Amino acid sequence: MRRPTLLGTLGVMVLLGAGCGIPAASDVRVDGKGGAATEAGVISRGSEPPTRTASGSVNETFVRNFLSAAAGEPDRAYERVKAFIAPEDKTRLQDKKGSEVALNVVRLREAVYTLNSDSTTTVKITVQQIGVLRTNGTLAPPVATETEYEFGLRSASFNGGVNDDRAGLYIINPPNVLLLSDTALREYYQDETIYFWSSDRSRLVPDQRYRPQAVPVERQVNEVVKWLVGGPSDWLRPGVVGLPDRTELINNATGGNGRWEVNLDMSGDDQSGIDQLITQIAWSLGDLPGQLELKIRNNAQPVVDLGERRDSRELYPYAASPQRFGVYDGAIHPLDFEGEPSGTVPLTPEANRNVVSASLGLAKDRRILAAMVVADGKNRYRLAVGTGADPVSVISRSAAEYSSIGRPVWLRTVDNRPSRGLVVADGQLYRFDEAARMYPVPLNLPSAAVTAVAAALDGQRVALIAGGRLYVAAVNLDGGGASIGPPRELVTSLTNPTAVDWGREDQLVVAGSVGQPAIYEISVDGALETPLRTDLGAKVNHLTAYPTNRGVRAPSGAYMYEANGVAYRSSPFERIEPGRVRDIAPVPTGVRPSNPSAPFFLY
């Protein structure tokens with residue numbers, strides 16, 4: 001008897017509720033990880049995966065629990081998994097120790113159960129390989145290529161005579177690899193954000209990690225400092241700097257009752273660098289309260305209050321409350337929604353013509369940054385760039401024209417240096433400057449055809465779509481240019497991605513397909529994904545989001561998109577009607593108004 005069964009879900013269906021990132025009253029989530037520390041030694045409920053006998057003799061539940069067993073502290077991963085394996089087959093799973101322990105994280109597609117004549121059951125699961133969870137909390141790209149695993153089940157009372165359901169089941173002929181489902185990753189790990197200084201040491205750049213929920217709170221400081229000492233994730237290295245070479249943690253970080261002590265063996269006595277390290281640790285500890293005493297080779301630094309340090313050292317460049325704009329009849333116009341701020345277009349009328357799409361931003365010195373795609377004849381386009389005080393009146397245009405240009409994006413900075421941005425034109429990624437000069441950016445990708453680019457709020461990370469695949473990469477801004485490090489491909493349930501933007505510091509908003517056009521929220525490593533809309537009905541060709549983070553305490557979830565010539569917004573989901581467009585002439589009776597297009601946020 002063969003019976004297909006779906007194991008787990010591909011994500012938690014959450015449609016963003018009322019409030020679009022601006023109203024004070026909203027039921028959408030507020031970004032801000034970490035939470036307050038609880039009493040030392042307390043382990044949160046549900047932090048440990050189920051035991052072997054928790055499922056009784058229910059095949060589906062047992063297999064789901066087996067694919068959760070590796071979750072938790074790495075040094076006991078093999079012990080927990082082997083508890084599910086029949087005694088005669090335990091040697092088939094070869095133990096690894098220390099940093100060699102790695103979990104193959106998979107997204108479950110299907111499970112087929114076949115009952116055999118000897119009362120055993122053969123299980124064949126179909127999976128998508130997501131990545132390798134390492135002991136340092138990083139999720140590295142997948143190494144395994146298997147799309148199926150096959151193993152068997154037998155009753156734990158198989159050799160004892162009576163088939164007692166309370167004895168549970170055993171795995172026979174197990175895979176020789178530790179498997180962890182994506183749902184177990186979400187349930188038994190806390191996704192954390194730690195920070196590294198950018199290559200020019202001007203700002204902190206997020207790096208995603210996973211901490212087992214079974215790790216007691218009093219060890220959180222120790223785990224975070226070990227991650228910082230170990231350095232950034234591989235894909236992020238080109239854009240950030242780690243701690244000085246040969247930095248080591250002297251003993252374990254200790255503390256409790258709101259006071260934490262960290263002792264490092266670190267070269268150099270640069271007080272500015274030490275102060276930056278304290279800021280780096282404070283932000284990497286999430287919302288953990290209390291005081292930090294940092295020692296360098298047993299020499300104590302002044303005690304710092306973690307909350308005060310976070311309050312006094314901003315995490316990102318200035319970000320104002322977002323204002324919505326869109327393009328209507330070739331010009332940028334404000335979009336008006338009740339309860340939201342709505343400004344004026346920061347361009348003179350002469351500069352606001354023949355616009356197809358645009359990106360407007362605020363520089364550190366409050367200058368307006370305007371980058372626009374403008375029509376230059378039939379099916380020909382140029383990049384137009386202007387910067388300065390509001391309203392911007394001087395616009396420069398690219399020397400070349402193109403048959404297609406995607407939405408340009410600015411790489412935000414924390415100083416008054418000339419701004420730079422990225423744009424895709426005719427399948428090539430370009431860097432542009434304030435004079436609209438465009439420079440090709442080489443990418444080491446299987447397909448050179450780039451179709452979309454999006455920049456994170458920190459200005460040091462980008463998301464790319466190339467050859468129908470989704471990537472993230474680090475940006476290095478040294479030397480006045482903008483080089484892109486080796487891109488990392490993200491494995492997701494979405495196929496044929498068409499548009500992307502940053503919704504949070506560790507999450508992307510991506511449009512693609514799951515059999516039909518859909519929009520998902522996807523973590524920066526591809527592991528955690530949440531469907532936002534799965535009933536679009538048409539391919540998304542334009543997508544923009546307002547990126548919130550722990551430094552910008554606004555409700556998250558605001559995004560807008562265009563599909564089949566119609567623009568929409570989220571939270572609540574609705575079509576952006578012409579009536580939302582401000583400062584347009586009345587449409588004569590009997591004339592059908594144009595549709596607003598290419599919506600975007602100014603912040």
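Two strands pair when DSSP finds at least two bridges between them, and strands (E, at least two residues) and helices (H or I, at least four) are DSSP runs, numbered from the N terminus. Welcome to some exercises on a predicted model, in which local features need pLDDT of at least 70, side-chain atom pairs count only at pLDDT 80 or more, and totals for chains, interfaces and linings use all residues. Residues are numbered from 1 along each chain as its sequence is written, and side-chain values use heavy atoms, with hydrogens and water left out.

**Exercise 1.** Find how many bridges join S23 to strand S24.

*Solution.* Start with the sheet: it is open, with four strands in the order S23-S24-S25-S26 and antiparallel pairing. Next, look at its edges, strand S23 (409-411) and strand S26 (438-440), each of which pairs on one side only. Now take S23 and strand S24 (residues 420-425): three bridges join them, and they run antiparallel. Finally, spot leucine 411, which stands opposite arginine 420 in S24.

**Exercise 2.** Work out which residue in S6 is the bridge partner of arginine 154.

*Solution.* First, locate strand S5 (residues 148-155), which runs antiparallel to S6 and is joined to it by four bridges. Then follow arginine 154 across to its bridge partner, tyrosine 170. Along S6 (residues 169-172), Leu169 and Ile171 point one way, Tyr170 and Ile172 the other.

**Exercise 3.** Decide which residues of H1 are buried.

*Solution.* Begin with helix H1 (residues 59-66), where six of eight residues are buried. Then name them: Asn59, Glu60, Phe62, Val63, Asn65 and Phe66.

Methods. Buried means under 20% relative accessible area, exposed over 50%, partly exposed in between (1.4 Å probe, protein chains only).
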